[in-house]
Amino acid sequence: MVLYSRFGSGLISAVYFFLLILHSPLMCHGIRSFPNNGGLTPSDFNSHFGFSEAPEYRNGVECPSTTSSTDPVTSCDPSLVHVAMTLDSEYLRGSTAAVHSVLRHASCPEQVFFHFILAEFDPASPRVLTRLVRSIFPSLNFKVYIFREDKVINLISTSIRTALENPLNYARNYLGDILDTCVTRVIYLDSDLVLVDDILKLWRVKMSKKKIIGAPEYCHANFTKYFTDNFWSDPGLSKVFGSRDPCYFNTGVMVMDLEKWREGQFRKKIENWMELQRKNRIYELGSLPPFLLVFGGNVEPIDHRWNQHGLGGDNVAGSCRALHPGPVSLLHWSGKGKPWVRLDEKRPCPLDHLWEPYDLFKGEGKVQDEQRKEHLLGLSSNLVGYSSYFF
């Protein structure tokens, strides 16, 4: 059960402030449309699942021109802002809210290109999820990739939470291999967050010459707790941080230089640590520790406003969390609690109301949500003709 915490007047003021921002008029109003591929109309399709079609958003006059309106946008267009996200039936509601928030606050929404990584064996067919995304966002520029779970399944060890063992959590390790080689920079985003600022600002963060990843760092965190006594008692292992001053960073929001990633074979370096973990348990969490082992102390520090994380609450007590001090550009419900679940249960944390305006699911609580999943399963074998890219 979700417990309520006492929040000071400062937090309540912050909530009202952000609600005011979310409901204020914005500059962008629509993006380019794609033709319908026949069959159900977007509104008919959405009605099966309880989702509404997102508003249309257009570029502002100051935005660079893309390819002509008659030509499809390709991922190799140099003017694009690339965003990678995983997409599955379990977190679909969060993913659509995240995409909606990016478009709503983007000064140039037509420049944003989404790369969706789907699980090969998701309960809902990737074709269904692709069709649903297109029906919710008819003019979204995106590409779908099917992540083969056998790429990583034998490298995954047990974790403190079963959800952390989902192979799709490890898809971020393979973005350099999955995305087209012409994509040399990408923003990776988790599905349990919303932006309240222009993503172009995050895209334009400058990376030092030797940095591969940019992310907010949290150097006050107890770094030792992310690894077991087996790790720290082994001089050969613990010396990996000997020449570095490692700080915790959350892998749910990262700017990644894919060109340097590929050149340095960082996917293999992460896999090496995962292989060692299978033989000699050196951490308890899922996909985070290997990133810390490879990049801890070698991350381009980005302003904390770009990842106000931990809003999912305490993993043990389930209590609500407050905002970190300082400005906010991105709110991240990392942790066990998710805002859509708590809102449906009528037991939201105060900050969950900041997520709610981006929610495109209009069903009525958990019963409707279960019906939506049944529809996804039912349509999985009926939709054909949607191209996907397998990795």
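Throughout this description, a residue is called buried when its relative accessible area is under 20%, exposed when it is over 50%, and partly exposed in between, with a 1.4 Å probe and protein chains only. The structure is a predicted model, in which local features need a pLDDT of at least 70 and side-chain atom pairs count only at pLDDT 80 or more, while totals for chains, interfaces and linings use all residues. Residues are numbered from 1 along each chain as its sequence is written, and side-chain values use heavy atoms, with hydrogens and water left out. Helices (H or I, at least four residues) and strands (E, at least two) are DSSP runs, numbered from the N terminus.

Disulfides, taken as pairs of cysteine sulfur atoms within 2.5 Å, were examined along the chain. The count comes to four disulfides, and with bonded cysteines counted along the protein chain, their pattern is 1-3, 2-4, 5-6, 7-8. One of them joins cysteine 63 to cysteine 108, with an S to S distance of 2.0 Å. The link of cysteine 63 and cysteine 108 is left-handed, with -95 degrees about the S-S bond, and both cysteine 63 and cysteine 108 are buried.

A disulfide is also formed by cysteine 76 and cysteine 182, whose sulfur atoms are 2.1 Å apart. Because cysteine 76 lies in the loop between helix 2 and strand 1, and cysteine 182 in the loop between helix 5 (175-178) and strand 4 (185-189), the pair ties together parts that are 106 residues apart in sequence. The link of cysteine 76 and cysteine 182 is left-handed, with -80 degrees about the S-S bond. Cysteine 76 counts as partly exposed at 46% relative accessibility, and cysteine 182 is partly exposed with a relative accessible area of 32%.

Cysteine 320 and cysteine 349 are likewise joined by a disulfide, with an S to S distance of 2.0 Å. Cysteine 320 lies in the loop between strand 10 (300-301) and strand 11 (330-332), and cysteine 349 in the loop between helix 12 (339-344) and helix 13 (352-355), so the pair ties together parts that are 29 residues apart in sequence. The torsion about the S-S bond of cysteine 320 and cysteine 349 is about -85 degrees, so the disulfide is left-handed; cysteine 320 and cysteine 349 are both buried.

Charged side chains were considered next. Side chains of opposite charge can pair when their charged atoms come close. With a salt bridge taken as a side-chain nitrogen of Lys or Arg within 4 Å of a carboxyl oxygen of Asp or Glu, the count comes to 13 salt bridges. One of these is the pair of aspartate 359 and arginine 93, at 2.9 Å from N to O. This pair links distant parts of the chain, with aspartate 359 in the loop between helix 13 and helix 14 (365-379) and arginine 93 in helix 3, 266 residues apart. Aspartate 359 and arginine 93 are both buried, and a network of salt bridges links Arg93, Asp344 and Asp359.

Aspartate 192 forms a salt bridge with lysine 338, the closest N and O atoms being 2.6 Å apart. Aspartate 192 lies in the loop between strand 4 and strand 5 (193-195) and lysine 338 in the loop between strand 11 and helix 12, so the pair ties together parts that are 146 residues apart in sequence. At 6% relative accessibility, aspartate 192 counts as buried, and lysine 338 is buried with a relative accessible area of 9%. In a further salt bridge, glutamate 284 meets arginine 281, with the closest N and O atoms 3.0 Å apart; glutamate 284 is partly exposed, with a relative accessible area of 34%, and arginine 281 is partly exposed, with a relative accessible area of 26%.

The loop between strand 11 and helix 12 also holds serine 334, which counts as buried at 14% relative accessibility. A polar atom of the side chain of serine 334 lies 2.7 Å from the backbone nitrogen of glycine 310.

Terms used: A polar contact is a pair of N or O atoms within 3.5 Å; within protein, one must be able to donate a hydrogen and the other to accept it, and residues adjacent in sequence count only if both atoms are side-chain atoms.
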